[in-house]
Amino acid sequence: MDVSKIKNPSFIKGLSNSELEELSAEIRKFLIETCSITGGHIGANLGVVELTLSLHKHFNSPTDKIIWDVGHQAYIHKILTGRGHEFDSLRQYKGLCGFPKMKESEHDVWEAGHSSTSLSAAMGMAKARDILGNTNHIVPVIGDGALTGGMALEALNHIGHDKTDLTIILNDNEMSIAPNVGAMHNMFGRIRTNHNYNRFKFDAESFITRLPGGDKLRDSADKIKDSLKYLVVDGIFFEELGIKYIGPVDGHNFKELDEAINASKQINKPVLIHVVTKKGKGYKPAEIDTVGTWHGLGPYKLETGEVIKGKAEGPAWSALMSNEVLNYAKQDKRVVAITPAMPVGSKLTKFQQELPEQFFDVGIAEQHAVTMSAGLATQGMKPYVAIYSTFMQRAYDQLLHDVDRQNLGVLFGVDRSGLVGADGETHQGVFDIGFLNQFPNFTIMMPKDGNEAKDMLKTAFETEHGPMAIRYPRGNAPAVEDREEIKVLSIGSWTKEREGNDVTLISYGPTLELITEVADELLKEGINATVVNARFIKPMDVELLHELGEKGIPFITIEESMLTGGLGTQIATFIIENDYENKLRRIGINDEYIEHGDVNLLLEDIGISKANIKSVAKSIIKK
């Protein structure tokens, strides 16, 4: 079968298990080939082929709601719902999204790029169903890593208490972005190897139903089973919450999946089916991955699985930051590193290996990571929290209430700041400045290159301060020669990269390189621009702003971030409050979400291009 030509999942219902196995092989071949060109979350999707087919066989999407937690494992779901022919555009500019997208299909009933949301969403949909008198099934699919998230546990608590009819699929592949950690993970490990209870349960049910009056005996037998199961199974956690537990089930065995799903349909209360799958199944390079490389990646060589990498002039920003923090931690045991399940992405594995006592991977639990860092800081420790900008959003209250309000010396390495490209709107790191700017005690920085990043880290670790954030983008830092001297920076100080009298271009971070090139081209046309490196987004360099304000020349701010709450907005407020008459133009993201695509194309869309900045400069000078 040409899987790219599938129109809808209805044909699956008539397939035998052997035919489904053939279809599984064809889907895996299709995924491995197409993702080798586009990149994507190939490991997670190879692991849920049989599970996805079974869900669409036994449930009627979109009437029955299949809700994908995180959503990065929904590629097979997209193929079955008629989007296989679009896979050559997966995660490309204006192409197929790598996550569920309501505007793409009626079968995408929930959009997510962050973990642990599916159970709460499912509870909402189930309550709506019950109030409206409908009878459709609600089926959230959540990974074992996502189940450590506090929001998922809150939802489980509510679901069990209300006895709401849901079929929860726990996809247990032992990994999320990195190997899972924590007590929940250990519990699932014990369940995987303990089949005693399930063998006893099914044997007992089969025997009772064959006895005369078996139906009447079932209630008594259930009480006996409830007593006995405490002796033989760790899965009692879910049962105690009021959620019927079925499993573990082999997630690549259609017969076992059929039995489990059919059994769940006979129970009018919440059921959790514990499905054990193999991440990367069917493609050796992805199967043997133990560090999360195949969670999400770019194009790769089909024959070997080797990732195709572009030429990099400098070190990866994540590695540069984490290695420098490691150097400080070796000299000072008060320096500790914390990550919410991102040791691989944030390049902290070296730190983890060399200083395990000073390293904490708390799992997918951003709120806990932030408040834990606050607790460490109260005891004189120097915590460094490496966290993606998009995931930092999840800990807004902890940043405000626990860190900033108490003015604690926590350093945040805000990874993937700015546009991230293929992962799209759920992952673009463009909101952190807007919400951190509101917090009275926070210092926000962004380095233009590796040397400036080292200066910022020295400033953070060798001075007394409140909460600090150093933002850095995805990708590689510009190649620069190492300096012998690393400096402590004056908080809030900016630098003039060049001086001019016609217009002032203000930016920060790697965007500064583009701004400097714009200034070079403007000079050729007789326009002399001042270029300001606003390396401290908060606090601003008030002294320099007064100097520039008194000159009266126009300002243009350029930032790869939301304009609302951004640096340009803060400068506009400064101009107004100080009665300066400088004209101001802000270039950035104006009140919209930015979808997936090549970063350079996305930057052009929001106006961060040489041509547009030059055009704005000429226009503002004329006025």
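Analyst: Isoleucine 571 touches Trp494, Ile506, Met540, Leu545, Phe555, Thr557 and Leu584, leaving aside residues up to four places away in sequence. Contact here means heavy atoms within 4.5 Å. The model is predicted: local features need pLDDT of at least 70, side-chain atom pairs count only at pLDDT 80 or more, and totals for chains, interfaces and linings use all residues. Residues are numbered from 1 along each chain as its sequence is written, and side-chain values use heavy atoms, with hydrogens and water left out.

Ile571 belongs to the largest nonpolar core, which has 75 residues. Such a core is a set of buried Ala, Val, Leu, Ile, Met, Phe, Trp, Tyr and Cys residues joined through side-chain atoms within 4.5 Å. Buried means under 20% relative accessible area, exposed over 50%, partly exposed in between (1.4 Å probe, protein chains only). Residues with the most contacts inside this core include Phe351, Leu399 and Trp494. Helix H13 (residues 317-331) gives the largest share, 7 residues. Helices are DSSP runs of H or I, at least four residues; strands are E runs of at least two; both are numbered from the N terminus.

Now the site. UniProt, in an unreviewed entry, places a "binding site" at positions including His114 and Ala146. Its positions follow the numbering used here, feature names are shortened, and annotations may be inferred rather than shown by experiment.

Histidine 114 sits in the loop between helix H4 (75-83) and helix H5 (118-132). His114 is buried, at 13% relative accessible area. Alanine 146 lies in the loop between strand S2 (138-143) and helix H6 (150-162). Ala146 is buried too, at 6%.
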